[in-house]
Amino acid sequence: MPPLLEVDDVYAGYGPIEVLKGISLTVDTGEIVALIGANGAGKTSTLLSISGCLPARRGSMRLAGQEIHALPAHEIVHRGICHSPEGRKIFPRLTVLENLQMGAFSRRDKPGIERDLAHAFELFPILAERKHQAGGTLSGGEQQMLAVARAMMGRPKLLLLDEPSLGLAPMIVLKIFEVVRKLNDEGISILLVEQAARMALKLAHRGYVMEMGQITIAGTAAELLTDKRVQDAYLGE
Amino acid sequence: MSAPRWLDRMPAWPLYLAVLVAFPLLVYPNEVLFRWTGISIGGQLTYIFIYAILALGLNVVVGYTGILHLGIAAFFGIGAYVTGILTVPAYPFGVGFVAALVLSTGAAALAGILLGAPTLRLRGDYVAIVTLGFGEVTRFTLRNLEEITAGTRGLNPVPPPQLPAFLEPPLRLLGITPDWSLDYRLFYFLALGLLLVVIWLLHNLEDSRLGRAWMAIREDELAAACMGINASRVKLSAFALGCGLAGMAGCLYATVLASTAGPDAFDFNRSVLMLCCIILGGLGSLRGTLLGVLLLIGFDNVVAPVLDGFIQASGISSGDNRFLTFSNWKLMIFGLALILMMRFRPEGLLPSRQIEAEMHTPQPLTEETA
């Protein structure tokens, strides 16, 4: 059986600047994979490229064996990849409920959407409390919860999470990571981009380290946590 | 800030509709107003209905989808000129009103698609420049293609619609003469009817999948794409619908005026005035757009000329004193009103809930934000 997501030698960039220089990685069904690295290494671009927002210039991507790298972003969502972009990008003027409904835009099964909505409120009770509040009025942590819940509403096979810890207090990050693990237990595979490398690797099964647009180290989370190079550069010991 | 109380207490739409229907049927109010002001308010309301259709079209593009469109007048003009070409005796087509209405709506929508398809990939301000440029190009094209558009004279006469024979008895019963040039009320009800159809259509669209997709794109295009929205197609659909409605308004305008008017009726000022209407009323809000049109076009077409007449009649001015002609102060009052709006109520008089939220959203709690 092919891996759920297979990224093979992908190049991408913005105008004359090449940001991804031959990225290859895989995510198996049921896995949490962490992608760590410094600022500007190309982590966010990797996710954008997988979700079709930044078209790949070269290389290929397959979801469960089917090629997806030539598809437009909205088509990729329909195939089962949901992207919770960096900086949360919730819809600030829509209510919490409407934000979640937007997350299910690609679906038409009303009863299923209702069920998942109830589930989202179960995972993040604070969102139920703020149901009719505009997304922009939530605190940073609540907005991040909303972003994760919204991505989940698309009922993805693979969830791309970009820096869920960005700018949040460690307590809140823990809470969000806890939900990420729950989602994973429910069968959603996750590709997680994080600067908070230690927390990400503790959560993940496997990890990749990115530097200057390339994958430089790959291994299981346990291996990376004990790798001397990773410790020196990213774990701050 | 929520809407002031007196706005919340405004009665529901059936009352407005009843007033708009009753006003011309009662005959008397319009005649009294005419004797008093020298202006047929009913006749001017017809134009306000037409501009309301135009503004609602613009609101789809600017208000719902968040694309700044500075050339809506061009599509208004395309609608008017397509109607002109299809109906005036100088051309061999001579189609009926309904066909002209459908075709000019379609032509304007098609023009919108042709302009939008290659340019809607551009972001924000660049689209505004493209639409601004297209507006001017259209105006000059209309002026310079004299063989087709009759240059600055415009195409005329645009014949009135054919009245179905079965409508004549009921119209007579209501006291309406079934002759378009004798009784303004025929055009009045035609325009009002079309406006109601457009309002009904847009009201339903607001809550549809497509409507929500428009608003998601207005909020954040990247996030919308991540939700599985085909951003370029959804934006193009808004553009096509908005431009199509502008074309429909243009067709109606040419028919009521019995002429396409000259190219200068479709200049940049017209586009900006329409934009002012929806900003004043409340971007993205149906009620707001209608109120904005009523206030601004009403001010322009009714209040200003009426005051001019009063000043002249009162003998304060002999007519050649520029400062004592109210119309010359019009633009200043206009500008002042907009400045005051932007200062005290930037979301418009009757804003949509989301836009109001954006204008008055407190910053999220700081200890948790980046």
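Two residues are in contact, or touch, if their C-beta atoms, placed from the backbone, lie within 7 Å. Keep that in mind for the views below. The model is predicted, so local features need pLDDT of at least 70 and side-chain atom pairs count only at pLDDT 80 or more, while totals for chains, interfaces and linings use all residues. Residues are numbered from 1 along each chain as its sequence is written, and chains are lettered from A and ligands numbered from 1 in the order in which they are written.

**View 1. B:Ile53 and the largest nonpolar core.** Not counting residues up to four places away in sequence, B:Ile53 touches B:Leu194, B:Leu195, B:Val198, B:Leu245, B:Met248 and B:Ala249. B:Ile53 is also one of the residues with the most contacts inside the largest nonpolar core, along with A:Leu192, B:Ile50 and B:Leu54. That core has 176 residues, and its largest share, 17 residues, comes from helix α4 (residues 41–64) of chain B. A nonpolar core here is a set of buried Ala, Val, Leu, Ile, Met, Phe, Trp, Tyr and Cys residues joined through C-beta atoms within 7 Å. Buried means that 20 or more other C-beta atoms lie within 10 Å of a residue's own; exposed means 12 or fewer, and partly exposed is in between.

**View 2. Helix α14(B) against helix α15(B).** Helices are DSSP runs (H or I, at least four residues), numbered from the N terminus. Helix α14 (residues 268–281) and helix α15 (residues 286–313), both of chain B, pack at about 125 degrees with their axes 7 Å apart. That angle makes α14(B) oblique to α15(B); 65 to 115 degrees would be roughly perpendicular, under 35 roughly parallel and over 145 roughly antiparallel, with the rest oblique. Axes are lines fitted to C-alpha atoms over the stretch in contact, and angles run from 0 to 180 degrees between N-to-C directions. Residues making the contact include B:Leu273 and B:Cys276 of α14(B), and B:Leu291 and B:Leu295 of α15(B). By class, it has eleven nonpolar, four polar and no charged residues. For these classes, Ala, Val, Leu, Ile, Met, Phe, Trp, Tyr, Cys and Pro are nonpolar, Asp, Glu, Lys and Arg are charged, and the others, Gly among them, are polar.

**View 3. Helix α14(B) again, now with α5(B).** Helix α5 (residues 72–87) of chain B packs with α14(B) at about 115 degrees, their axes 7 Å apart. So α5(B) is roughly perpendicular to α14(B). Here B:Ile72, B:Ala73 and B:Phe76 of α5(B) meet B:Arg270, B:Ser271 and B:Met274 of α14(B). That contact has four nonpolar, one polar and one charged residues.

View 4. Most residues other than glycine have a negative phi, and most peptide bonds are trans. B:Val27, though, has a positive phi near 60 degrees. It sits in the loop between α2 (13–25) and α3, and counts as partly exposed, with 13 C-beta neighbours inside 10 Å. B:Ala150 also has a positive phi, about 60 degrees, but with 21 C-beta neighbours inside 10 Å it counts as buried. B:Ala150 is in the loop between α8 and α9. B:Pro157 lies in the loop between α8 (146–149) and α9 (168–173), and the peptide bond from B:Asn156 to B:Pro157 is cis, with omega near -5 degrees.

**View 5. B:Ala213 in helix α11(B).** B:Ala213 lies in helix α11 (residues 209–219) of chain B. With 26 other C-beta atoms within 10 Å, B:Ala213 is buried. Leaving out residues up to four places away in sequence, B:Ala213 touches B:Ile229 and B:Val234.

How values were computed:
Helix = DSSP H or I, 4+ residues; strand = E, 2+ residues; numbered from the N terminus.
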